[in-house]
Amino acid sequence: RLWWLQLRSILLGIGYVQSRYDPTLFMGYNDAGDLISIIMTHVDDLLIGFANTQEANTLRDKIKEKLTVGKHMKAKEGWLTFFGKEYQQLSDGTVQS
């Protein structure tokens, strides 16, 4: 719980908005107000969707400055890992395991 509270503090501190309907969901917006990233949290696991890998890596680096994170916190274009399972995002936007 303490790790998650620290993560929440970091996300809010760098401009993410916590959903009022689901406290495990955080949204990132650009200066124009467009949604550019979504982060779903579960205990110490994150599911992150970004417009590009560079944004994901920037967030990872900001989190790693303040928290100890595992080796799985990396961005691979078109791939995601959640609960230890890898998923691939296809060109049409769908995701397959």
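The buried residues of helix α1 are covered by elements that include β1 (17-18), β2 (25-29), β3 (35-42), β4 (45-50) and α2 (53-66). Contact here means heavy atoms within 4.5 Å. Helices (H or I, at least four residues) and strands (E, at least two) are DSSP runs, numbered from the N terminus. The model is predicted: local features need pLDDT of at least 70, side-chain atom pairs count only at pLDDT 80 or more, and totals for chains, interfaces and linings use all residues. Residues are numbered from 1 along each chain as its sequence is written, and side-chain values use heavy atoms, with hydrogens and water left out.

Helix α1 spans residues 2-13, twelve in number. From its first C-alpha to its last, α1 reaches 16 Å, close to the 16 Å expected at 1.5 Å a residue. The expected span is 1.5 Å times one less than the number of residues. Trp 4, Leu 7, Ile 10 and Leu 11 of α1 are buried. These residues lie on the same side of α1 because they cover an arc of only 120 degrees around the axis. The arc is that of the directions from the helix axis to the C-beta atoms. An α-helix has 3.6 residues a turn, so residues three or four places apart point the same way. Leu 2 and Gly 13, on the other side of α1, are exposed. Buried means under 20% relative accessible area, exposed over 50%, and partly exposed in between (1.4 Å probe, protein chains only). Gly 15 follows α1 and has a positive phi, near 100 degrees.

Four strands form it in the order β1-β2-β3-β4, with antiparallel pairing. β1 and β4 stand at the edges, each with a single partner strand, so one side of each has no neighbour in the sheet. Two strands pair if DSSP finds at least two bridges between them. β1 and β2 pair over two bridges in the antiparallel sense. Gln 18 stands opposite Phe 26 in β2. β3 and β4 run antiparallel and are joined by six bridges. Within this pairing, Ile 39 stands opposite Ile 48 in β4. The hairpin of β3 and β4 has two residues between the strands, and Val 43 takes a positive phi there, near 55 degrees.

Both helices meet strands of this sheet. α1 lies across β1, β2, β3 and β4 and runs at about 20 degrees to β2. α2 packs on the sheet and touches β3 and β4; its direction makes about 145 degrees with that of β4. Axes are lines fitted to C-alpha atoms, for helices over the stretch in contact, and angles run from 0 to 180 degrees between N-to-C directions.

Ser 19 sits in the loop between β1 and β2. Ser 19 counts as buried because its relative accessibility is 12%. A polar atom of its side chain lies 3.0 Å from the backbone nitrogen of Tyr 21. The side chain of Ser 19 also reaches the backbone nitrogen of Asp 22, at 3.1 Å. Leaving out residues up to four places away in sequence, Ser 19 touches Leu 25 and Met 27.

Over the protein chain, the secondary structure comes to two helices and seven strands. Along the sequence, the pattern is α-β-β-β-β-α-β-β-β. Of the 97 residues, 24% count as buried. Among contacts with a separation of 6 or more, 27% come from residues 24 or more positions apart.

Notes
A polar contact is a pair of N or O atoms within 3.5 Å; within protein, one must be able to donate a hydrogen and the other to accept it, and residues adjacent in sequence count only if both atoms are side-chain atoms.
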